[in-house]
Amino acid sequence: MRGDVPVVGREARDESRGTSIPMNENVIDGAAIAARVLDEVRAEVDRLKARGITPGLSVVLVGDDPASAVYVRSKESTSRDVGMAGETIRLGAATTQFELLAIVDRLNASDQVHGILVQMPLPRQIDADLVLRRIRPDKDVDGFHPVNVGKLLIGETDGFVPCTPAGIQYMLEVCGVDTRGAECVVIGRSNIVGKPMAALMMQNGAGADATVTICHSRTRDLSAHTRRADILIVAAGRPQMVTAEMVKPGAVVIDVGMNRIPDSTKKSGSRLVGDVDFERVREVASLITPVPGGVGKMTIAMLMRNTVRAAARAAR
Ligand code: NDP
């Protein structure tokens with residue numbers, strides 16, 4: 001143990017399943033944990049299919065943002081892998097708000113569609129908030145509709161929790177991180193990561209009960225906060241901004257950031273890094289997620305879990 005927070009050994013035990021989670025030293029293997037979530041999802045898809053219900057996820061992509069295209073392809077192939085039905089609707093960059101809302105309405109009305117995801121960002125002519133509010137809350141598998149946001153905040157568990165924070169909470173749980181009473185510092189206050197992450201960790205109950213601090217670009221003396229953290233969750237979109245000096249020895253560090261930086265040694269001329277200086281910080285942290293191979297894999301797995309839950313609820 002490198003510090004005074006409870007940590008786990010080389011192989012964390014996932015008590016709920018009686019199995020252990022693979023880890024390389026203190027690096028959390030997000031891909032392995034995500035694979036387990038997907039196995040559970042696949043089993044649930046099979047159960048639903050046996051009852052005549054095929055869970056369906058519809059993803060809508062507007063425009064030609066290359067990063068969005070990659071995310072959408074990955075969602076598409078994962079949903080196919082777990083046996084779900086579904087489609088990706090690809091629309092041109094000139095799509096109007098009216099046209100997009102009409103598609104959302106059609107998906108809202110379809111019995112075959114259990115989950116709807118409109119990939120962000122949307123072209124400038126479309127009001128993203130309006131589109132997110134149009135998706136039926138019971139099909140809002142991204143968890144961005146105000147009804148689901150509100151349910152998360154007040155601790156109602158029948159809504160959908162945004163996938164990235166849900167995946168992080170799941171990882172912490174299976175890695176045996178004791179969150180109760182822990183100082184949890186979140187860097188970032190976006191609606192998709194920072195705010196829902198903080199809302200989850202502050203709830204009353206298992207996997208939560210943390211004392212939460214949210215930091216953002218106006219925070220005075222960021223290091224003073226991060227150095228107090230037993231659990232540090234970084235979602236700022238700033239390459240390698242968290243250095244070893246900012247981390248309390250023994251802390252659990254979760255890196256949400258996905259940033260492309262120039263790297264002439266790579267064929268593509270760039271590489272993906274997180275918001276944390278991984279090599280230095282892993283020397284002081286008790287546990288850390290890598291980029292890639294950490295949080296990103298969990299995000300897609302939780303999207304699949306939300307979709308299968310939406311289908312199961314619709315079948316009730
Ligand atoms: P946003 O840009 O919406 O939010 C970034 C937040 O970080 C803001 O609240 C901002 O503060 C804060 N911030 C920025 N710079 C600093 C700083 N120097 N000090 C303290 N706070 C700072 O980003 P997202 O939340 O959408 O995403 C964050 C990162 O996570 C990105 O790299 C994104 O690509 C990645 N991501 C990864 C996912 C995954 O599955 N792995 C999923 C979603 C996102 P302020 O509000 O004051 O501007």
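Buried here means under 20% relative accessible area, exposed means over 50%, and partly exposed is anything in between (1.4 Å probe, protein chains only). The model is predicted, so local features need pLDDT of at least 70 and side-chain atom pairs count only at pLDDT 80 or more, while totals for chains, interfaces and linings use all residues. Residues are numbered from 1 along each chain as its sequence is written, and side-chain values use heavy atoms, with hydrogens and water left out.

**View 1. Arg228 and Glu183 meet in a salt bridge.** A salt bridge is a side-chain nitrogen of Lys or Arg within 4 Å of a carboxyl oxygen of Asp or Glu; for this pair, N to O is 2.8 Å. Arg228 sits in the loop between α8 (222–226) and β10 (231–234) and Glu183 in strand β8 (residues 183–187), so the two tie together parts 45 residues apart in sequence. Helices (H or I, at least four residues) and strands (E, at least two) are DSSP runs, numbered from the N terminus. Arg228 is partly exposed at 34% relative accessible area, and Glu183 is partly exposed too, at 26%.

**View 2. Asp230 pairs up with Lys248 in a salt bridge.** Their closest N and O atoms are 2.7 Å apart. Asp230 is in the loop between α8 and β10, and Lys248 in the loop between β10 and β11 (252–255), so this pair links parts 18 residues apart in sequence. Asp230 is buried, with a relative accessible area of 13%, and Lys248 counts as buried at 19%.

**View 3. Arg133 forms a salt bridge with Asp129.** Here the closest N and O atoms are 4.0 Å apart. The two are four residues apart in helix α4 (residues 128–134), which puts about one helical turn between them. Arg133 is partly exposed at 46%, and so is Asp129 at 45%. Across the whole structure, a search finds ten salt bridges.

**View 4. Asp275 is buried yet has no salt bridge.** Its place is in the loop between β13 (270–273) and α9 (278–281). Arg238 has the nearest side chain of opposite charge, 7.5 Å away; Lys and Arg count as positive and Asp and Glu as negative, with His and the chain ends not counted.

**View 5. Strands β5 (residues 56–62) and β6 (residues 85–91) pair in the parallel sense.** Two strands pair if DSSP finds at least two bridges between them, and this pair has seven. Ser58 stands opposite Glu87 in β6.
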